[in-house]
Amino acid sequence: MPLFSSSSSSTGKSKKAPEPALQTLVVGGLAANVYSQPKATPAGAPVVVAFLLHGRNGSALKMGEFVNGLFDEVHALRRTHAGPHAARDLYIVTIDHRNHGKRLVDKQANQGWSDDAEKNNPRHAIDMYAIQTGTAQDVSYLVDFLPAYLFPNGERTISQFVCIGKSLGGHATWLVLRNEPRIRIGVPVIAAPDYLALMSRRARSHKLPVGPPYFPQVLLDLIARADPAAAPYAAAGPENPFRGKKVLVLSGAEDKKVPWAVAKEFVERLNVGGEQEGGVKEVIVEDGTGHEFSPGMVKEAARFVWKHALVV
């Protein structure tokens, strides 16, 4: 059964978007799946590119239903806006994380700690931070090079890049927001901005120390330099990398894998500035939802991107 099903409005017209066009571009060896709706806007309209990042043990292709869900919601918003071509165009890009999908090298490296010796990955803390950091770097790499592959003759202008990610992809989205100044809008879904808060909790559940060999000192040093929680995220001045950014945090109240509790303190203290700085912070903890990117969350993500990227 598909995650998203078509529905009808009061006028009897389906809000389901046309099937998106897909082109796969190989950007310096990195395959990027680019989804678009060619007739959504006039041919020369500015484009907003949204990176949609998958979770651990997922893949770019497995994000197809979420791509369709986002396009369906945006399509419905276009129909109620002032004319079908009034807003900017939306492209959605999916990629495989390091060691996922077509980039898989070692399946065991994607596993967590386990009491089952065959499933246990003693390097879980190292591997997961390496993968999410690599994904954030891949996003910056694509911000550099994707425009040249998409529009080699300058046919269109990319007005803004957005990052949306679920679970592991949500952790990477937090890293993007912290370390990539060119991305001003982010939607981390069922994710943790404080890596040590999340992983210390997991380590304690397996009676493991938050130290070598499970957390080598060099890894702890890296986290202390690059993690969102290591930044002055509550500061009101320019030293805060989140200042002026627009962030929608989506979490499940019943999430056991990435509990809201591990993100709550960070999110509540996060200072993105006010209207003058252009900062926006919205937080939705969805009742009855576990570790999933629910249809309700997809709807909220689409609304946020529509409001802050497509109709500004």
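S167 sits in the loop between β5 (158-166) and α3 (168-179); helices here are DSSP runs of H or I with at least four residues, strands are runs of E with at least two, and both are numbered from the N terminus. Although S167 is not a glycine, its phi is positive, about 55°. With a relative accessible area of 12%, S167 is buried, where buried means under 20% relative accessible area, exposed means over 50%, and partly exposed lies in between, for a 1.4 Å probe and protein chains only.

Before I continue, please note that this is a predicted model, in which local features need pLDDT of at least 70, side-chain atom pairs count only at pLDDT 80 or more, and totals for chains, interfaces and linings use all residues. Residues are numbered from 1 along each chain as its sequence is written, and side-chain values use heavy atoms, with hydrogens and water left out.

N57 also has a positive phi, near 70°, in a residue other than glycine. This residue belongs to the loop between β3 (47-53) and α1 (64-80). N57 is partly exposed, at a relative accessible area of 37%. In the loop between α4 and α5 we find P213, and the peptide bond that leads from P212 to P213 is cis, with omega near 0°.

I now turn to D89, in strand β4 (residues 89-94). D89 is buried, its relative accessible area being 2%. Which side chains make polar contacts with that of D89? One is the side chain of T41, at 3.3 Å; a polar contact is a pair of N or O atoms within 3.5 Å, where within protein one must be able to donate a hydrogen and the other to accept it, and residues adjacent in sequence count only if both atoms are side-chain atoms. The other is the side chain of R156, at 3.1 Å. Leaving aside residues up to four places away in sequence, D89 touches residues including Q37, P46, V48, R78 and L310, contact meaning heavy atoms within 4.5 Å.

Next, the packing of helix α2. Two packed helices are described by the angle between their axes and the distance between the axes. Axes are lines fitted to C-alpha atoms, for helices over the stretch in contact, and angles run from 0 to 180 degrees between N-to-C directions. Helix α2 (residues 124-150) packs against helix α4 (residues 195-205) at about 150°, with the axes 11 Å apart. The two helices are therefore roughly antiparallel, a term for angles over 145 degrees, while those under 35 count as roughly parallel, 65 to 115 as roughly perpendicular and the rest as oblique. From α2, the residues H124, A125, M128, Y129 and Q132 meet Y195, L198, M199 and R202 of α4.

Against helix α5 (residues 217-226), α2 packs at an angle of about 35°, and the axes are 11 Å apart. Here A125, I126 and Y129 of α2 meet L219, L222, I223 and A226 of α5.

Finally, T135 is another residue of helix α2. Is T135 buried or exposed? T135 is buried, with a relative accessible area of 1%. Beyond residues up to four places away in sequence, T135 touches L53, H97, R98 and A172.
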